[in-house]
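Hello,

I am passing this structure on to you, with notes on what was found in it. Please look through the sequence and the model before reading on.

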Amino acid sequence: MRMYDIIKKKRDGFELSEEEIRFVVQGYTRGEIPDYQMAAFLMAVYFRGMNERETYDLTIAMLDSGDRLDLSSLSGIKLDKHSSGGVGDKISFVVLPIAACFGIKIAKMSGRGLGHTGGTIDKLESIPGMKTSLDKEQFLKVVEEVGFSIVSQTENLVPADKKIYALRDATATVENLSLIASSIVSKKLAAGADAIVFDVKVGSGAFMKDLDQARKLSSLMLDIVKRNGKKAKAVISNMDQPLGKMVGNALEVLEAIECLKGQGPRDVMELSYTLVKEMLDLAGVKVSFDDIEEKVRSGEPLKRFKKFVEMHGGDPFIVDEPTKLPISRDVVEVRAQREGYVAKIDAERIGNACVLLGGGRSKKEDTIDHSVGIELLKKVSDRVMVNDVIAKVYYSKKSDLESALKIVESAYVFSEQAVEPLPIVLEVIE
Ligand code: URA
């Protein structure tokens, strides 16, 4: 078999066999296929697509490139949750402690920020002392005792995806349904849960820009998981504006703590409750929003989050005293130039402004500044008067402040007519 022939076959729109797909994934992971050939292959897939069978074979070939986590020593039903990536997405910090209160176990492996989207691991590392890589025994011990834990993906968890994703990121080949589905699902299958809920984001701040694409991605992913004998559901949620009010690492942890106290923004609470409900449903536990709310009011999810932080070496007092979080004290206000209603907040621009401030990475090797970010005081449908503060920018270096402020200002679109609030949960796909 020759890589050249496989690239040509896909370029000309033909279906690849399982052996050919395996040859590509194995060869590239082992370093036998060079980046330039793999880049050409990915571009051919980007334009020609893959059918369901090819996507399935690609996922399994990627899954087979590394280790699988064995969760059989944990008691109870093991669930997992995955977001396809958005701006202001701190949902895991809210969903996992609540879901764990109902008796399920969640051993979650998460990634770092990509492009304009933030990463769960970067956010967690804003907690002073917090370790995000634990050895397997310690990780499972936290899950058994607290009900959940979140660690960074281990080196050998789908190494094929690590290499392929980095190349996709550099060659403009991320936004392809088969490539996204195989990347996400191979990692979730390797992480060993019995059932998975996908939070598929759609809108200006997501990889999926329209509902039809989000539906297609959802059914592709559900199909692959089910063929592997596991249960799954997808919740399609709106990313036409950032989720919640806070964007930035420590700021998002702060907002998640507020949510666990029952005081979070409406969209974060609604999406979190929906995801908890669907996860529990897959575990055979039926709960209503009222049951979930009561659990939050009891304070138990917050206690679990505190214990999780403590067991990971982090400072648990950030929960009682959020000023212990490293949030910059240098803040600039952004004010409305006109009167009207907020019609749109471009999530991708807000994500980019956060990256520019140092809250994300422009290059893989960049270090993150956890203290910076953006607070959105006005969201879509809010009425504003001239000179009202619509957002606050938390910065630490003056050099990029002006450009970040311009991006935040340009992300807001106003209308003279009243605007309906955006729905957050668009669909649940079984
Ligand atoms: N998240 C992933 O893990 N992979 C993708 O391809 C896109 C989002």
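Which helix lies across β8 and β12, and at what angle does it run to β12? Helix α16, residues 401-411, does so, and its direction is about 35 degrees from that of β12. Please keep in mind throughout that this is a predicted model.

**The three-stranded sheet**

Strands β8 and β12 belong to an open sheet of three strands, ordered β10-β8-β12. The pairing in this sheet is antiparallel. Its edges are β10 (383-384) and β12 (412-415), each of which pairs on one side only. Between β8, which covers residues 340-345, and β12 there are four bridges, again in the antiparallel sense. Within this part of the model, isoleucine 345 stands opposite tyrosine 412 of β12.

Serine 381, in the loop between β9 (373-376) and β10, has a phi near 90 degrees, which is positive although the residue is not glycine. Asparagine 387 sits in the loop between β10 and β11 (389-394). Its phi is near 80 degrees, also a positive value in a residue other than glycine.

**The six-stranded sheet**

There is also an open sheet of six strands, in the order β3-β2-β1-β4-β5-β13, and here the pairing is mixed. The edge strands are β3 (148-152) and β13 (425-429), each pairing on one side only. On average, neighbouring strands of this sheet are turned by 20 degrees against each other, if direction is ignored. One of the pairs is β1 (residues 78-83) with β4 (residues 195-202), which run parallel and share five bridges. Serine 83 stands opposite aspartate 199 of β4. Helix α7, residues 136-146, packs on the sheet and touches β2 (105-110) and β3. The direction of α7 makes about 155 degrees with that of β3.

**The ligand**

Which residues are around the ligand? They are Ser84, Tyr165, Arg168, Ile180, Ser183, Ile184, Lys187 and Phe207. Sorted by class, this shell holds four nonpolar, two polar and two charged residues.

- Arginine 168 has a side-chain N or O atom 2.9 Å from an oxygen atom of the ligand.
- Serine 183 has a side-chain N or O atom 2.7 Å from a nitrogen atom of the ligand.
- Lysine 187 has a polar side-chain atom 2.5 Å from an oxygen atom of the ligand.

How much of the ligand does the protein bury? Taken alone, the ligand exposes 240 Å², and the protein buries 94% of that. Of the elements, α9 gives the most, with four residues.

Regards

Note on methods
Residues numbered from 1 in each chain as written. Predicted model: local features only at pLDDT ≥ 70, side-chain atom pairs only at ≥ 80, totals over all residues. Heavy atoms only, no water. Pairing = 2+ DSSP bridges. Helix = DSSP H or I, 4+ residues; strand = E, 2+ residues; numbered from the N terminus. Contact = heavy atoms within 4.5 Å. Axes fitted to C-alpha atoms, helices over the stretch in contact; angles between N-to-C directions. Near = heavy atom within 4 Å. Polar contact = N/O pair within 3.5 Å; in protein donor to acceptor, adjacent residues only side chain to side chain. Areas by Shrake-Rupley, 256 points an atom, 1.4 Å probe, with all protein chains shown as cover. Nonpolar A, V, L, I, M, F, W, Y, C, P; charged D, E, K, R; others polar.
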